[in-house]
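Take a walk through this structure, one part at a time. Keep the view open as you read.

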Amino acid sequence: MKSWRKTWTKMILSLSKDPVKIVREQDVILFRNRVKEMAVKIKMGLVNQTRLITAASELVRNMLRYADGGNCLIEVVSRGRDNGIRLTFTDQGPGIADIDLAMKDGYSTGKSLGLGLPGTKRLVNEFNIKSKVGEGTVVTIIKWANG
Amino acid sequence: MKTLSIFRRKTLIVKFIQDRNLAYQFTMSLNSYKLLQNKKKNILEKWMNNQLSDEGLREDLISNEELRYQSEELIDALVSNLSGESFSDLMSEEWNSVIEILSGISITRARQGFSPRETGNFVFTLKEALLNVLQEEIGEDSKLLFEESMKITRLMDNLSVITFETFIKGREEVILRQTDEITEISTPVIRVWDGILALPIIGTLDSARTQVVMENLLQEIVDTGSSIAILDISGVPAVDSLVAQHLIKTVSATRLMGAECIISGIRPEIAQTVVHLGIDLSNIITKASLASALAYAFKTMRLEVRKINSVQK
């Protein structure tokens, strides 16, 4: 019984799904507004909202710059008493050869500040990146409403 | 003997066309096509009647003469450019002029502010008119009537799809133009004081926007000989690393011009986010509000704003 409860409280449930397709720079603003709407709906604080939106913005921009766009999934998730937003970014871009290097501050192949990926990781609660060269990259982040 | 050879040749041709999968279209379209040619006047009258009696008629946007002219133009194009073979093949070249005219009408209507329904009705009423005439012509032969109606329906449906596609394209153009206009409008450079410029940035700062901002700012610095520029970002919803990079670039460019750049309007949540992202803005002068940036600017220019105590009576 106890172990069941433990897994239950740890399990992340997806309450709503909202896919968004990103192909142009204008889509970034649209996507950000969508994320913001969701964050407001689950009563996320202003600071966390800004963090989540900034993180989302970073990842979407990465996707546009390196993979010419891709798909985003906005989910409202819940784990026990916590509510949060999970964002999944999937692209079919060139992929990242060395993830550890990409996660280092100041490293960039694209003349940017090189803070997108490591910065995003610091902004959110959970950060997960999977990439295969030639196939694409999947990044998943979770920000809890009061985390 | 002679008749037989002609017959044989005919079957050969039919077979050839059948091979190209066109036989059906060829034989069946002949009637509709001829009807269109012979009854042009009749169809136009019916169409005009349909259009004028329609509830969605927009006399405020388009005069009846103009509507008549548009309709006539379309029917003329339909009749004069078509041959029987390509009647139901919209991909063929003969349709180009028709599609061109239709798209032209559709785009102008989108710009004039017609609703999609009103634009679509332009084609739908033509379809109705065609079907009416068809019924009058064919009369009792229900099988033929059905076949011909199907043909016309298919054709007119295709045309209405084209109408909608171009209508939407027309609307999109309007939106794109507005986006451009917003970019233009939202980057004013304000001369707040002699030698002090302020530049309130509202909305997202993307590459195109930064370019406009930077150009305007640098030009204004040259024109006014200002030594201090204040970039106010209180209207920027989120500052991510790209926006920060653009800001840093703008500041460096301003410094190259010999002016100092202050970034103001940094909200608490933005400050936190910037720190978490790890963006280093420490060698840029930043202030929380435009007022404090202005106060700083006055201080550097050795200016003082004072309250006048002695009131003359």
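How are α3(A) and α5(A) oriented to each other? Start with the numbers, and bear in mind that this is a predicted model. The two helices, α3(A) and α5(A), pack at an angle of about 155°. Their axes are 9 Å apart. Angles over 145 degrees count as roughly antiparallel, and α3(A) and α5(A) are therefore roughly antiparallel to each other. The crossing in which α3(A) passes α5(A) is left-handed.

Now look at who meets whom. From α3(A) come Arg51(A), Thr54(A), Ala55(A), Glu58(A), Leu59(A) and Asn62(A). They meet Gly116(A), Gly119(A), Thr120(A) and Leu123(A) in α5(A). By class, this contact of α3(A) with α5(A) holds five polar, three nonpolar and two charged residues.

Helix α3(A) has another partner, α2(A). The axes of α2(A) and α3(A) come within 10 Å. They cross at roughly 150°, which makes α2(A) roughly antiparallel to α3(A). Here α2(A) passes α3(A) in a right-handed crossing. On the α2(A) side stand Val28(A), Phe31(A), Arg32(A), Val35(A), Lys36(A) and Ala39(A). Facing them in α3(A) are Gln49(A), Leu52(A), Ile53(A), Ala56(A), Ser57(A), Val60(A) and Arg61(A). The contact of α2(A) with α3(A) divides into eight nonpolar, three charged and two polar residues.

Step back to the whole of chain A. It has five helices and five strands. Along the sequence, chain A reads α-β-α-α-β-β-α-α-β-β. Of the 147 residues in chain A, 33% are buried. Next, consider contacts in chain A between residues at least 6 apart in sequence: 66% of these join residues at least 24 apart.

Where does chain A meet its neighbour? There, 21 residues of chain A are in contact with 17 residues of chain B. Three helices of chain A each supply at least two residues of this side: α2 (26–41), α3 (46–67) and α5 (116–123). Of what chain A brings to chain B, α3(A) gives the most, with nine residues. The side of chain A that touches chain B divides into eight nonpolar, seven charged and six polar residues.

Two pairs can be picked out. Ile228(B) has Glu260(B) in β4(B) as its bridge partner. Ala229(B) stands opposite Cys261(B) in β4(B). Is β4(B) mostly covered or mostly open? Strand β4(B) is mostly covered, with four of its five residues buried.

Terms used: Residues are numbered from 1 along each chain as its sequence is written. Chains are lettered from A and ligands numbered from 1 in the order in which they are written. This is a predicted model: local features need pLDDT of at least 70, side-chain atom pairs count only at pLDDT 80 or more; totals for chains, interfaces and linings use all residues. Two residues are in contact if their C-beta atoms, placed from the backbone, lie within 7 Å. Ala, Val, Leu, Ile, Met, Phe, Trp, Tyr, Cys and Pro count as nonpolar, Asp, Glu, Lys and Arg as charged, and the others, Gly among them, as polar. Two strands pair if DSSP finds at least two bridges between them. Axes are lines fitted to C-alpha atoms, for helices over the stretch in contact, and angles run from 0 to 180 degrees between N-to-C directions. Angles under 35 degrees count as roughly parallel, over 145 as roughly antiparallel, 65 to 115 as roughly perpendicular and the rest as oblique. A crossing is left-handed if the near helix is turned anticlockwise from the far one by less than a right angle, and right-handed if clockwise. A residue is buried if 20 or more other C-beta atoms lie within 10 Å of its own, exposed if 12 or fewer, and partly exposed in between; C-beta atoms are placed from the backbone.
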